[in-house]
Amino acid sequence: MLSVLDIFRIGIGPSSSHTVGPMRISAMFIRALKRSGKLGRVARIHIELQGSLALTGIGHGTPRAAILGLAGHKPETFNPAKGDAQFERLERDHLLALAGRHDISFDQHEDVDLAGHIVPDIHPNGMRLRAFDERGVILSDRTYYSTGGGFVATERQLKKAPKNDRIEVGRQVPYRFGSASDLLELCDTHSLSIDDVILQNEDAMRPREKTEAGLDAIAKAMDDSIARGLEKTGILPGGLNVRRRAPELWAKLSAAPQSNEREQLFDWLNCFAMAVNEENAAGGKVVTAPTNGAAGILPAVMRFYCLDSEEKACRSARRKFLLTAGAIGLLYKQRASISGAEMGCQGEVGVACSMAAGGLAAFWGGSPTQIASAAEIGMEHNLGLTCDPVGGLVQVPCIERNAIGAVKAVNAARLALHRDEVTLVSLDQVIETMRQTGLDMSTKYKETSQGGLAVNVIEC
């Protein structure tokens with residue numbers, strides 16, 4: 001089984017699949033060269049970005065992320081000042097220090113190939129890296145895939161099929177499940193809540209206190225991304241001249257926090273969600289939840305509802321929310337995909353909405369069946385959502401789409417808690433429907449900026 005700490009990862013914007021993933025892939029490639037003793041012999045490295053990584057790579061900062069990965073940077077510990085200094089040296093001297101210590105000649109215009117015409121059958125986010133010695137002999141030639149949410153994989157890993165409709169790879173845990181029906185059956189058989197099941201599974205991977213510390217760190221990182229997004233003003237980078245709106249809305253809400261206007265609930269959720277995604281669009285630090293493009297939905301819902309004046313109660317509520325939401329994210333990751341290049345935005349904002357709805361239903365005391373219903377409703381009304389970023393940037397429609405997704409998640413949880421009967425559509429069925437819809441969807445609507453708003457909005 002995967003861990004919920006695999007689903008929630010602290011990284012940099014603007015994209016988990018196009019920024020975080022490529023940075024990790026490059027770092028993996030360098031580590032492999034070090035292990036084989038070949039790093040010191042490398043004279044040149046060529047990066048080929050395939051499919052969606054090429055088609056929206058410029059707007060997503062993919063070439064820069066891939067190069068910084070070669071230099072030894074990791075998303076979770078990325079130092080922007082150090083990265084900027086290395087890039088200045090690269091542009092000035094055409095020199096890149098692999099792993100921060102072995103200099104090679106590198107020209108990003110020649111050594112990074114945007115091969116959008118190559119769309120791998122196994123996954124549309126392909127990335128091939130080749131290392132050459134000074135005579136031009138290939139020292140290493142590897143292809144990886146950025147599969148969404150910062151996850152990366154080799155071809156062998158992606159082709160390893162599950163057995164008997166269950167996930168049989170990964171860590172051994174006491175409560176193994178490969179579907180929502182499995183999870184609900186475990187809850188019923190052992191009289192456990194969903195967050196209890198997940199927490200006991202996490203206990204098999206690490207000490208309880210480390211899991212709790214990890215969850216607390218995720219919650220804090222989410223809060224911090226909101227705080228930064230509420231403070232910073234100005235125009236987002238990329239050329240679309242999109243203005244940060246969250247700080248202005250925050251100022252209005254703070255001036256009248258006790259307003260009796262019912263619709264102000266929407267304003268608070270909109271404010272928090274947009275703050276995160278404006279920060280993400282600027283390349284700031286956010287948490288994949290389950291992706292960067294959908295990073296604002298869970299933090300917004302958790303910030304508004306899972307608060308308590310007593311610190312211990314607040315911490316407990318947030319852990320319950322994240323464990324439950326993480327369980328739902330695991331189901332989507334294992335049974336379908338959370339990659340916009342594979343599923344469209346239903347696999348990003350749709351999954352985040354589903355996760356947040358389930359997490360909030362758990363916080364409100366919903367049964368496992370009601371939680372699954374909330375998650376199902378959250379996805380059912382995002383089915384078919386396309387990924388068509390204007391200019392290849394994670395700005396339009398992505399920022400507002402997170403705000404809408406947060407509001408929708410709350411409504412899904414409310415609807416689920418107002419019913420006790422078994423729903424007509426199960427969570428497993430809606431996950432499978434999302435998967436099939438993603439496979440049927442035209443590639444121009446799956447993070448390629450070749451259709452939808454991306455071609456109908458005139459850029460000035």
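The questions below concern a predicted model.

Q: How do you know whether P22 is buried or exposed?
A: P22 has 0% relative accessibility. Buried means under 20% relative accessible area, so P22 counts as buried. P22 sits in helix α2, which spans residues 16-35.

Q: What does P22 touch, not counting residues up to four places away in sequence?
A: Contact requires heavy atoms within 4.5 Å. By that criterion P22 touches S17, L53, T62, A66, M127 and S146. M1, 21 residues from P22 in sequence, is 24 Å away from C-alpha to C-alpha.

Q: What makes domain 1 and domain 2 separate entries, and where are their bounds?
A: The domain assignment of the protein chain gives residues 15-159 as domain 1 and residues 180-445 as domain 2. Taken over C-alpha atoms, their centres are separated by 30 Å. In the contacts between the two, 16 residues of domain 1 meet 17 residues of domain 2.

Q: Which residues does the UniProt annotation "domain: Serine dehydratase beta chain" cover?
A: According to the unreviewed UniProt entry, that annotation covers residues 3-156. In the model this span is 40% helix and 29% strand, and its end C-alpha atoms lie 21 Å apart.

Q: Why is the largest cavity said to lie between domain 1 and domain 2?
A: Both domain 1 (15-159) and domain 2 (180-445) give residues to its lining, so the largest cavity lies between them. The space in the largest cavity is about 120 Å³. Its lining consists of 14 residues, with G293, E348, C387, V394 and C398 nearest the centre. By class, that lining has eight nonpolar, four polar and two charged residues.

Q: How many cavities of 30 Å³ or more does the structure hold?
A: There are three cavities of 30 Å³ or more. The second largest cavity has a volume of about 50 Å³.

Q: What makes up the lining of the second largest cavity, by residue class?
A: The lining divides into 10 nonpolar residues, with no polar and no charged ones. The lining residues are A180, L183, L184, I194, I328, L331, P368, I371, A372 and L427. Two or more of them come from each of α9 (180-190), α15 (311-335) and α18 (368-380).

Q: What lines the second largest pocket, and which residues are closest to its centre?
A: The second largest pocket has a volume of about 520 Å³. It is lined by 27 residues, and G13, P14, R64, A282 and G283 are the closest to its centre. The lining comprises 13 nonpolar, nine polar and five charged residues. Domain 1 and domain 2 each contribute at least three residues to this lining. At least two residues come from each of α2, α4 (57-60), α5 (62-70), α6 (80-93) and α13 (264-281).

Q: Why is helix α14 called largely enclosed by the rest of the structure?
A: Helix α14 covers residues 297-305, and eight of its nine residues are buried, so the helix is largely enclosed. Its buried residues are I297, L298, P299, A300, V301, M302, R303 and Y305. They pack against α11 (208-231), α12 (246-255), α13, α15, α17 (349-363) and α19 (398-417).

Q: How do you know whether I399 is buried or exposed?
A: The relative accessibility of I399 is 5%. The cut-off for buried is under 20%, so I399 counts as buried. I399 belongs to helix α19. Leaving aside neighbours within four places in sequence, its contacts are L236, M274, N277, E278, A281 and V394. N270 is 129 residues from I399 in sequence and 9.6 Å away in space, C-alpha to C-alpha.

Q: What makes the phi of N241 worth a remark?
A: N241 is not a glycine, yet its phi is positive, about 60 degrees. Most residues other than glycine have a negative phi. N241 lies in the loop between α11 and α12. Exposed means over 50%, so N241, at 57%, is exposed.

Conventions
Residues are numbered from 1 along each chain as its sequence is written. This is a predicted model: local features need pLDDT of at least 70, side-chain atom pairs count only at pLDDT 80 or more; totals for chains, interfaces and linings use all residues. Side-chain values use heavy atoms; hydrogens and water are left out. Helices (H or I, at least four residues) and strands (E, at least two) are DSSP runs, numbered from the N terminus. Buried means under 20% relative accessible area, exposed over 50%, partly exposed in between (1.4 Å probe, protein chains only). On a 1 Å grid over the protein atoms alone, a cavity is a set of points where a 1.4 Å probe fits but cannot get out, and a pocket is an open set with protein on both sides within 12 Å along at least five of seven lines; lining residues have an atom within 4 Å of a point. Grid points are joined across faces, edges and corners, and a volume is the space filled by probe spheres set on the points. Ala, Val, Leu, Ile, Met, Phe, Trp, Tyr, Cys and Pro count as nonpolar, Asp, Glu, Lys and Arg as charged, and the others, Gly among them, as polar. Domain bounds come from an automatic or database domain assignment. UniProt positions are given in the numbering used here, feature names are shortened, and annotations may be inferred rather than shown by experiment.
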